[in-house]
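Keep the structure in view as you read.

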Amino acid sequence: QVQLVESGGGLVQPGDSLRLSCAASGRTSSSYTMGWFRQAPGKEREFVAAIPAWNTLTTYYADSVKGRFTISRDNAKNTLYLQMNSLKPEDTALYYCAARPSTIATMTPKTYDYWGQGTQVTVSS
């Protein structure tokens with residue numbers, strides 16, 4: 001079992017930056033592939049970024065955030081991060097941290113076993 005708690009969301013203006021954090025507890029999170037997903041009102045949950053277990057050099061991004069967002073993890077602190085730069089209004093959503101007990105990163109929400117409660121990001125002028 002892994003428990004996940006997100007933080008760092010907020011209301012920002014277009015072009016601003018935010019860093020989301022996801023604190024993991026329970027079983028050693030370093031053996032889990034971690035991901036960020038988001039869900040806007042009336043839309044399905046969508047993939048944002050993922051980082052495999054044990055391999056912090058390989059990361060995956062949705063095309064919509066590539067070049068603007070950076071996923072990273074600090075296994076010593078059991079914490080996952082999402083640095084978000086050049087934020088746009090279309091980035092507004094509830095952002096979720098997720099974990100799956102595998103070394104393989106996927107982009108499909110249903111393949112992740114553990115989820116946090118989410119942190120709201122609102123980008124508006």
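The paragraphs below go from secondary structure to overall dimensions, then to surface and charge, and end at the disulfide.

This is a predicted model. Start with the secondary structure. The protein chain has zero helices and 11 strands. Read along the sequence, the pattern is β-β-β-β-β-β-β-β-β-β-β.

Next, the overall dimensions. The C-alpha atoms fill a box of roughly 40 × 30 × 25 Å along the principal axes. The radius of gyration is 13 Å. For 125 residues, a compact globule would come near 14 Å, so the protein chain agrees with that expectation.

Now look at the packing. Of the 125 residues, 44% count as buried. Consider the contacts with a sequence separation of 6 or more: 58% of them join residues 24 or more positions apart.

The accessible surface of the protein chain is about 6400 Å². Carbon and sulfur atoms contribute 48% of that area. As for charge, there are 12 positive and 9 negative side chains. The centres of these two sets lie 5 Å apart.

The structure holds one disulfide. Which cysteines form it? They are C22 and C97, with sulfur atoms 2.1 Å apart. The pair links distant parts of the chain, 75 residues apart. C22 sits in strand β3, residues 18–26, and C97 in strand β9, residues 93–100. The angle about the S-S bond is -70 degrees, and the link is left-handed. Are C22 and C97 buried or exposed? Both are buried, with under 20% relative accessible area as the cut-off.

Conventions: Residues numbered from 1 in each chain as written. Predicted model: local features only at pLDDT ≥ 70, side-chain atom pairs only at ≥ 80, totals over all residues. Heavy atoms only, no water. Helix = DSSP H or I, 4+ residues; strand = E, 2+ residues; numbered from the N terminus. Rg over C-alpha atoms; globule rule 2.2 N^0.38 Å. Buried < 20%, exposed > 50% of the residue type's maximum accessible area, 1.4 Å probe, protein only. Contact = heavy atoms within 4.5 Å. Areas by Shrake-Rupley, 256 points an atom, 1.4 Å probe, with all protein chains shown as cover. Lys, Arg positive; Asp, Glu negative; His and termini not counted. Charge placed at Lys NZ, Arg CZ, Asp CG, Glu CD. Disulfide = S-S within 2.5 Å.
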